[in-house]
Amino acid sequence: MTRYAYLGPEGTFTQMALHAWRPAQGQEQTPFGSVDGALAALRERQIDAAVVPIENSVEGGVSATLDALASGDPLIVTGEVLVPITFVLAARAGTTVADIRAVGTHSHAWAQVRGWAQQHLPDAGYVPALSTAAAAADVAAGSGGYEAAVCAPVAAQNHGLSVLAEDIGDMAQAVTRFVVVSRPEWLPRPTGRDKTTVVLFQRSDRSGGLVELLEQLSTRGINMTRLDSRPTRESMGSYCFSIDLEGHVADERVGEALMGLRRVCAEVRFVGSYPAANGREVSIDPLTSDDAFAEARDWLDRLRVTGG
């Protein structure tokens, strides 16, 4: 039995991502109140893997996950799941929209329904909750200081709440990306449809420093799909860069790029190579294919031995 942690409680979008990744049969699912808590349990071997949110199509990177993966004992991403996000406004039976003075939900969820709330609940305040499902649980229990929750439909159903409004997200095509995180004991094999995540730490903050890092990718024909800057917490103005790029560490061009980054960075934290959830084949220029790199290396080896 595989033991999975997820950002809980039950009924969160993270649990939906876990079910999409692996059916519930043959696994133990443990909800945690925070990303840090789930990943700490993984590092302490209390569980085998954790599913956590890392990026949203509306709000961008999830800072709690990016920071947790950039520090502490190394962990690696072994897979990812894309979950379409649909929100409802839920309250206890008998509650009307006119009764709502405050709404509870997770900060990322609130950012995705803010426009709807301003139009339909202009006088209601917002109260942050640990998760959308936690907000639903608070409303059901009559706690939390709010009369309604923005949550997933399944959370409203789980807690016996009435749905006052459906599909209230400001962006109809909103998607959240979740990652499956494991200890660095194995690596998924390359599929040709892969993604690699790294965190880069600069040697110093100087003009052109980020360009120097990105050149290691561009000169090898590697497409970058995400770039987030996060404070290192060492001093004001000290940042690291969390990057997703197309390809697998086993690919020649990706390996060459990582060696180049290792040379120019103070630290390169490898956070995994794994199949991309969109299943799209990575487009590779013939000049940066594995064969091209192998031929160039063979040519150099001949020069070093015979001079021609």
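This is a predicted model: local features need pLDDT of at least 70, side-chain atom pairs count only at pLDDT 80 or more; totals for chains, interfaces and linings use all residues.

Author: What follows is a short tour, from the whole chain down to single residues.

Reader: What percentage of the 308 residues is buried?

Author: Buried residues make up 45% of them. As for contacts in the protein with a separation of 6 or more, 76% are accounted for by residues 24 or more positions apart.

Reader: Let's go to the sheet of 4 strands; what is the strand order, and which strands are at the edges?

Author: The order is β13-β14-β12-β15 in an open sheet, and the pairing is antiparallel. The edge strands are β13, residues 224-231, and β15, residues 267-275, each of which pairs on one side only. On average, and with direction ignored, neighbouring strands of this sheet are turned by 15 degrees against each other.

Reader: How many bridges join β13 to β14, and which residue is the bridge partner of arginine 230?

Author: There are 7 bridges between β13 and β14, the latter covering residues 239-246, and the two strands run antiparallel. Arginine 230 has cysteine 240 of β14 as its bridge partner.

Reader: Which helices lie across those strands?

Author: Helix α3, residues 63-70, lies across β12, β13, β14 and β15, and runs at about 80 degrees to β13. Helix α7, residues 209-218, lies across β12, β13 and β14, and its angle to β14 is about 20 degrees.

Reader: Switching to β7, are its faces covered or open, and which residues are on each side?

Author: Both faces of β7, residues 102-105, are covered, with Ala102 and Gly104 on one side, Val103 and Thr105 on the other, and all of these buried.

Reader: And which strands does β7 pair with?

Author: One of them is β8, residues 125-128, which pairs with β7 in the parallel sense over 4 bridges, and there valine 103 has tyrosine 126 as its bridge partner. The chain gets from β7 to β8 by way of helix α4, residues 107-120, in a β-α-β crossover that is right-handed. β7 is also joined by 2 bridges to β9, residues 148-151, and these strands run parallel. In that pairing, glycine 104 has alanine 149 of β9 as its bridge partner.

Reader: Now the helix pair α8 and α9: how do their axes cross, and why would you call the two oblique?

Author: The axes of α8, residues 252-264, and α9, residues 290-306, come within 8 Å and cross at roughly 60 degrees.

Reader: Which residues make the contact?

Author: From α8 there are Glu252, Arg253 and Glu256, and from α9 Asp290, Phe293 and Arg297. By class, the residues of this contact divide into 1 nonpolar, no polar and 5 charged.

Reader: What about the backbone; where is there a cis peptide bond?

Author: The cis bond joins glycine 8 and proline 9, with omega about 10 degrees. Proline 9 lies in the loop between β1 and α1.

Reader: And which residues have a positive phi although they are not glycine?

Author: Arginine 45, with a phi of about 65 degrees, and aspartate 167, with a phi of about 50 degrees, are among them. Arginine 45 lies in the loop between α2 and β3, while aspartate 167 lies in the loop between β10 and β11.

Reader: Are arginine 45 and aspartate 167 partly exposed or exposed?

Author: Arginine 45 counts as partly exposed because its relative accessibility is 48%, whereas aspartate 167 has a relative accessible area of 59% and is exposed.

Reader: Last one: where is alanine 20 found, and is it buried or exposed?

Author: Alanine 20 is found in helix α1 and is exposed, at a relative accessible area of 55%. Its C-alpha atom is separated by 8.4 Å from that of valine 83, which is 63 residues apart from alanine 20 along the chain.

Key: Residues are numbered from 1 along each chain as its sequence is written. Side-chain values use heavy atoms; hydrogens and water are left out. Axes are lines fitted to C-alpha atoms, for helices over the stretch in contact, and angles run from 0 to 180 degrees between N-to-C directions. Contact means heavy atoms within 4.5 Å. Ala, Val, Leu, Ile, Met, Phe, Trp, Tyr, Cys and Pro count as nonpolar, Asp, Glu, Lys and Arg as charged, and the others, Gly among them, as polar. Two strands pair if DSSP finds at least two bridges between them. Buried means under 20% relative accessible area, exposed over 50%, partly exposed in between (1.4 Å probe, protein chains only). A crossover is right-handed if, with the strands pointing away from the viewer, the path from the first strand over the helix to the second runs clockwise.
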